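Hi there,

Here is the structure I promised to pass along. Please open it next to this email and read with the two side by side.

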Amino acid sequence: MATARPVAVGVLLLTALLCPMWAAEARTAIVKAGEGWRLEVDGQPYVAKGVTFSGSGGPANFDADCERLRALGVNTLRTWGTGEETPALLDAAHKHGLRVLVGLWLRPGRAGMENDDAFDYARDAKGREAQLQATLAQVRRFKGHPAVLAWGLGNEVILNSPDDASKVAYARFLEKVVRAVKKADAGHPVLSVDAWTLGVPLWEKYVPSLDAYGLNVYGRGIHALADAVKQAGGRKPWFITEFGAQGEWEAPKDAQGLKQEPGDQEKYDVIVDGWRNALGPHVQAGRCLGLFVFNYSASFDHTGLWLGLLSGDSKRPTWHAVREAYTGQKPEPALPVPVRLAVQGVEQEGTATWARVVFEVTAPAGTPLDVSFAYNFRGAATREERDRVTPLESRKGAAPGTWRVRLPAVTGAFKLYGLAKDGAGNLVAATTSVAAPAAP
C-alpha cells in the first residue's frame with residue numbers, strides 16, 4: 001500500500017542539537033474513557049482533523065499554507081521526518097492554531113517505495129544505535145514546542161521488510177526506540193505507522209509501550225478497518241495516518257495494462273464518506289483518534305494528480321472534499337465535472353502522431369474552462385520519469401468537446417490526462433490509456 005512519499009520536512013538525521021525553549025509546551029495524552037480512549041491536549045478533548053504535509057514551496061510558504069489549511073477545518077498536520085525546515089513548520093503551525101504529528105523517520109528494510117533505501121535490522125547493530133540516537137536528538141530538540149501533538153515513528157517499515165525475521169527484528173528495535181522516546185519526553189504520546197493492519201500483531205507482541213497505532217489506509221476499504229484491527233488482535237486506539245482514494249498499488253488494470261485511476265468524483269466522495277460514515281462511529285466510540293488525508297503539496301505529477309490537494313497553483317477536488325469532511329461546507333460555485341475522455345482515432349501528420357480526442361466537462365452556466373492535455377509514461381526507466389506528467393500540444397476540434405492532441409514519442413502504453421481549470425483556480429482531470437502506435 002505504499003506510494004512515493006514527498007517528505008518536505010526533510011529526513012535529516014541530526015545527532016547533536018541544542019534544545020530550544022518555548023514559552024508554553026502543550027502536553028498531550030491518550031486517556032482511557034469508558035470502553036474507548038480520548039486524546040487530550042492540556043486536559044481538553046482533541047480529535048485530529050488532519051492532512052499529511054509536504055508544503056507548497058518550502059518554509060517561505062509555510063505561513064500561508066497553514067492559514068489556508070486552517071480555513072479548510074484542518075487542525076493537525078503530519079510529517080514523515082524532521083529536518084532543517086521543521087522549526088519553521090512548527091512555528092507556522094502554532095501561529096495558526098495547528099498541531100503537528102511529528103514524524104521520526106526510521107529506515108525501511110528493503111529498497112522500494114521509500115527512496116530505494118534498505119536497512120538490515122537483524123544484523124546492523126551499529127546502524128540501529130545510530131538511528132536511535134538520531135531519533136532522540138530530534139525528540140529533545142522539538143519536544144518543548146507547543147505545536148507538537150505526538151511522535152510518529154517510522155512509515156510502513158513492516159510493509160517494506162523483506163522477511164518475517166526482519167519484521168521481528170525491526171519490531172524489537174522499535175520497542176527500544178519507543179521506550180527511549182517516552183523517557184526523553186513524557187508529555188507526548190508515541191505511535192508507529194504502517195500499512196493497513198500489518199503492524200498490529202507485531203506491535204501487540206513486541207512493542208507494548210506504544211500508545212496508539214498509525215494506520216495508512218486508502219479507498220473504500222476504510223469501512224472494514226475497525227473490524228480488521230480487532231481481528232488482528234488490536235487493543236489500542238488508532239489514527240488514520242494516510243487516507244485518500246484507492247491507490248495505484250491496489251487499483252485494477254485496464255485493457256492496456258495500466259492501473260485505472262478513480263475519477264475525481266470518487267476521490268471527493270471517498271474522503272467525505274470515509275470521515276463521516278466509516279470513521280465517525282469509531283471517533284465517537286473512542287477507537288479512532290483522528291484522520292490525515294494524503295497529501296498537501298503542490299506537485300504537478302502522477303502522485304499529485306492522483307492523491308494531492310493541489311497541483312501546482314490549482315486546487316484539486318480533494319481540497320474541497322477535505323473542507324466538506326471537516327466543516328460541512330460544499331464547493332461554491334460547484335466544481336466542473338469531467339464526464340468523458342476518449343480517444344476516437346489516431347492519424348499521422350508528417351512525423352507527428354495526432355489523436356482525435358473527446359473531452360467533455362460539465363460546469364456551472366457561464367463558467368469558462370481552460371482545457372489542456374498531458375501524459376504520463378509508467379514504463380519509463382527511472383522513478384522520476386515514471387512520476388512525470390508532461391503537457392501535450394493540442395488543437396480544438398470543429399465539434400464541441402473535440403480536440404486533436406499530439407501524442408508523445410514513447411514505446412508502450414501511456415496515460416492520457418484531460419485537464420480543465422476554471423476561473424476560481426479549480427483543476428479537474430480525467431484519465432484514459434493510449435497504446436502508442438507503431439513508428440511509421
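Below is what was found in it, taken topic by topic.

A word on the basis before you start: this is a predicted model, in which local features need pLDDT of at least 70 and side-chain atom pairs count only at pLDDT 80 or more, while totals for chains, interfaces and linings use all residues. Residues are numbered from 1 along each chain as its sequence is written, and side-chain values use heavy atoms, with hydrogens and water left out.

**Strands**

Helices (H or I, at least four residues) and strands (E, at least two) are DSSP runs, numbered from the N terminus. Two strands pair if DSSP finds at least two bridges between them.

Let me begin with β14 (residues 337–349) and β15 (residues 352–362), which run antiparallel and are joined by 11 bridges. Within this pair, glutamate 347 stands opposite tryptophan 354 in β15. The hairpin has 2 residues between its strands, and glycine 350 takes a positive phi there, near 65 degrees. β15 is also joined to β19 (residues 402–406), through 5 bridges and again antiparallel. There, arginine 356 has arginine 404 of β19 as its bridge partner.

Elsewhere, 3 strands make an open antiparallel sheet in the order β1-β2-β3. β1 (28–33) and β3 (44–45) stand at the edges with a single partner strand each, so one side of each has no neighbour in the sheet. Between β2 (residues 36–41) and β3 there are 2 bridges, and valine 41 has glutamine 44 in β3 as its bridge partner.

**Backbone geometry**

Most residues other than glycine have a negative phi, and most peptide bonds are trans. Here are some exceptions to look at.

Aspartate 42, in the loop between β2 and β3, has a positive phi near 50 degrees. At 0% relative accessibility, glutamate 156 counts as buried.

As for cis peptide bonds, one joins phenylalanine 294 and asparagine 295, with omega about 5 degrees; asparagine 295 is in strand β11 (residues 288–297). Another joins glutamate 332 and proline 333, with omega about 0 degrees. Proline 333 belongs to the loop between α9 (317–327) and β14.

**Cysteines**

The structure holds 0 disulfides, a disulfide being a pair of cysteine sulfur atoms within 2.5 Å. Cysteine 66 is buried, at 0% relative accessible area, and cysteine 288 is buried too, at 2%.

**A cavity**

There are 3 cavities of 30 Å³ or more. On a 1 Å grid over the protein atoms alone, a cavity is a set of points where a 1.4 Å probe fits but cannot get out, and lining residues have an atom within 4 Å of a point. The second largest cavity has a volume of about 40 Å³, where volume is the space filled by probe spheres set on the points, and points are joined across faces, edges and corners. Its lining includes Phe294, Trp306 and Lys267, and α7 (264–284), β11 and α8 (302–307) each supply at least two of the lining residues.

Key:
Buried means under 20% relative accessible area, exposed over 50%, partly exposed in between (1.4 Å probe, protein chains only). On a 1 Å grid over the protein atoms alone, a cavity is a set of points where a 1.4 Å probe fits but cannot get out, and a pocket is an open set with protein on both sides within 12 Å along at least five of seven lines; lining residues have an atom within 4 Å of a point.
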